[in-house]
Amino acid sequence: TAFTCKFNEVNVFDPSGSLIHGWDFRNDGSNGGTGTSNTFTSCYVNGASAEPFNFYGLNYCTLNSCAADSYGTGASNVYAYRLESCQGMTMNSCGAELSLGGGYARLDNTAVVINSPKTFSLTAINGTANILASTGTKAVINAPVFADFGSIAGTTYNFSTSGASVEVLVN
């Protein structure tokens, strides 16, 4: 659990491919929060086999100019930023590059504002979306710049929703 922390220029790099997540605030089984009032600035993850930024239960936290690079294995859809049961989140100018089968963000039961998201050279697997929003998510996405998926295998989407009570506004 992390409260009122400032993470600045923290780089996580694993060329061996054994890294699962770069940042991992996961559900410990209690379904409770994992942190509040944290700021991630210029944090970078390269070489994660799963979601580079995997956040569960964070509240009123901000990501500024963070990046995920060379993530996924090509075996399944992986998203650079996974936010589950997070509330009051803001992402400013965060990017994703060179995925091996994944999109930009997966949002599950989360309230988030995403400003100026950017992607480059993401490889898609059937059903991949740049933004996947599911049950209970409320998201505002301002000025997205999503590059075309490379090496497409099947149908891909810029935005996809599933489940009930999903609200996504794109400006």
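Trainee: What share of the 171 residues in the protein chain is buried?

Mentor: Buried residues make up 43% of them. Keep in mind that this is a predicted model.

Trainee: Why is F146 called buried?

Mentor: Its relative accessible area is 15%. Buried means under 20%, so F146 qualifies. Y104 is buried as well, at 0%.

Trainee: What makes Y104 and F146 an aromatic pair, and which kind is it?

Mentor: Their ring centres lie 5.9 Å apart, and the limit for a pair is 6.5 Å. The planes make 50 degrees. Under 30 would be stacked and over 60 edge-to-face, so this pair is tilted. Y104 sits in strand β15 (residues 102-108), F146 in the loop between β19 (138-142) and β20 (157-162). The two are 42 residues apart, so the pair links distant parts of the chain.

Trainee: Why is the pair of F7 and W23 called edge-to-face?

Mentor: The planes stand at 65 degrees, and the class begins over 60. The centres are 4.9 Å apart. F7 belongs to strand β2 (residues 6-8) and W23 to strand β4 (residues 23-25), 16 residues apart. Both F7 and W23 are buried.

Trainee: How many aromatic pairs does the structure hold?

Mentor: Eleven. Ring pairs also link residues into a cluster, whose members include F7, W23, Y81, Y104, F146 and F159.

Trainee: What makes β7 and β11 paired strands?

Mentor: Pairing needs at least two bridges. Strand β7 (residues 44-46) and strand β11 (residues 67-69) have three, in the parallel sense. In β11, A68 is the bridge partner of V45.

Trainee: Which sheet holds β7 and β11, and what is its strand order?

Mentor: An open sheet of five strands, in the order β3-β7-β11-β14-β17, with parallel pairing.

Trainee: Why are β3 and β17 called edge strands?

Mentor: Each has a single partner strand, so one side of β3 (11-13) and of β17 (118-120) is left without a neighbour in the sheet. From one strand to the next, the twist averages 5 degrees.

Technical notes. Residues are numbered from 1 along each chain as its sequence is written. This is a predicted model: local features need pLDDT of at least 70, side-chain atom pairs count only at pLDDT 80 or more; totals for chains, interfaces and linings use all residues. Side-chain values use heavy atoms; hydrogens and water are left out. Helices (H or I, at least four residues) and strands (E, at least two) are DSSP runs, numbered from the N terminus. Axes are lines fitted to C-alpha atoms, for helices over the stretch in contact, and angles run from 0 to 180 degrees between N-to-C directions. Buried means under 20% relative accessible area, exposed over 50%, partly exposed in between (1.4 Å probe, protein chains only). Rings of Phe, Tyr and Trp (its six-membered ring) pair if their centres lie within 6.5 Å; planes under 30 degrees apart count as stacked, over 60 as edge-to-face and the rest as tilted.
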